[in-house]
Amino acid sequence: MRNRSELREIIMKVLYQVYILKKGNLDYDIKELIKEQLEIENDYVNTLVSGVIENQQEINTLANKYLKNWTMDRLNLVDQAILSIGIYELKYTKTPSIVAINEAIELSKKYSDIEVTKMINGVLDSIYHSEENYE
């Protein structure tokens with residue numbers, strides 16, 4: 001049984017693959033991409049992956065509103081995935097805001113450099129404080 005942090009890492013990897021395939025205009029089966037990363041069906045993973053994909057445009061718009069001198073499409077795909085998960089959890093789930101932000105930061109520390117981690121923290125913190133409070 002995997003914990004939520006490990007599942008978020010899997011979600012990030014699946015979203016990364018989706019972004020690569022979309023860039024190449026290639027077809028993909030989301031369930032197959034998840035199955036490659038996760039041996040057993042997991043509702044949390046399925047819900048978050050499909051939720052981010054379905055709401056990607058709104059997530060990008062929100063991210064771009066708070067990114068300073070950057071836009072979502074200029075971030076590398078891993079960072080886009082991490083930020084998308086954080087925003088999705090803040091905006092669309094009952095995950096406590098502090099958990100959503102901390103989990104995104106931990107993923108970023110593992111996969112990104114310190115500047116990107118600070119930027120992701122800043123964007124998520126701004127969304128948390130500026131948008132209507134989601135909790």
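**Reading rings and charges in a helical chain**

Modeller: Tyr92 is partly exposed, with a relative accessible area of 28%, where buried means under 20%, exposed over 50% and partly exposed in between (1.4 Å probe, protein chains only). This is a predicted model, in which local features need pLDDT of at least 70 and side-chain atom pairs count only at pLDDT 80 or more, whereas totals for chains, interfaces and linings use all residues. Residues are numbered from 1 along each chain as its sequence is written, and side-chain values use heavy atoms, with hydrogens and water left out.

Colleague: Which residue forms an aromatic pair with Tyr92, and how is the pair arranged?

Modeller: Rings of Phe, Tyr and Trp (its six-membered ring) pair if their centres lie within 6.5 Å, and planes under 30 degrees apart count as stacked, over 60 as edge-to-face and the rest as tilted. This rule gives 1 aromatic pair here: Tyr88 and Tyr92 are stacked, with 4.9 Å from centre to centre and 20° between the planes. Both tyrosines belong to helix α5 (residues 77-92), where they are 4 residues apart, about one turn of the helix. Tyr88 counts as buried because its relative accessibility is 8%.

Colleague: Which charged end sits over the ring of Tyr92?

Modeller: A charge sits over a ring if NZ of Lys or CZ of Arg is within 6 Å of the ring centre and within 35 degrees of the ring normal. Over Tyr92 lies the charged end of Lys91, 5.7 Å from the ring centre, and the charged end of Arg74 takes such a position over Trp70, at 4.2 Å.

Colleague: How many helices does the chain have?

Modeller: Helices (H or I, at least four residues) and strands (E, at least two) are DSSP runs, numbered from the N terminus; the chain has 7 helices and 0 strands.

Colleague: How many salt bridges does the structure hold, and which parts does the pair of Glu103 and Arg8 tie together?

Modeller: Side chains of opposite charge can pair when their charged atoms come close. With a salt bridge taken as a side-chain nitrogen of Lys or Arg within 4 Å of a carboxyl oxygen of Asp or Glu, the structure holds 9. In one of them, Glu103 meets Arg8, the closest N and O atoms being 3.5 Å apart. Glu103 lies in helix α6 (residues 97-111) and Arg8 in helix α1 (residues 4-23), so this pair ties together parts that are 95 residues apart in sequence. Both Glu103 and Arg8 are buried.

Colleague: Which salt bridges does Glu9 form?

Modeller: Glu9 pairs with Lys13 (4.0 Å, N to O), 4 residues apart in helix α1. Glu9 also bridges to Lys110, with the closest N and O atoms 3.0 Å apart; because Lys110 lies in helix α6 and Glu9 in helix α1, this pair ties together parts that are 101 residues apart in sequence.
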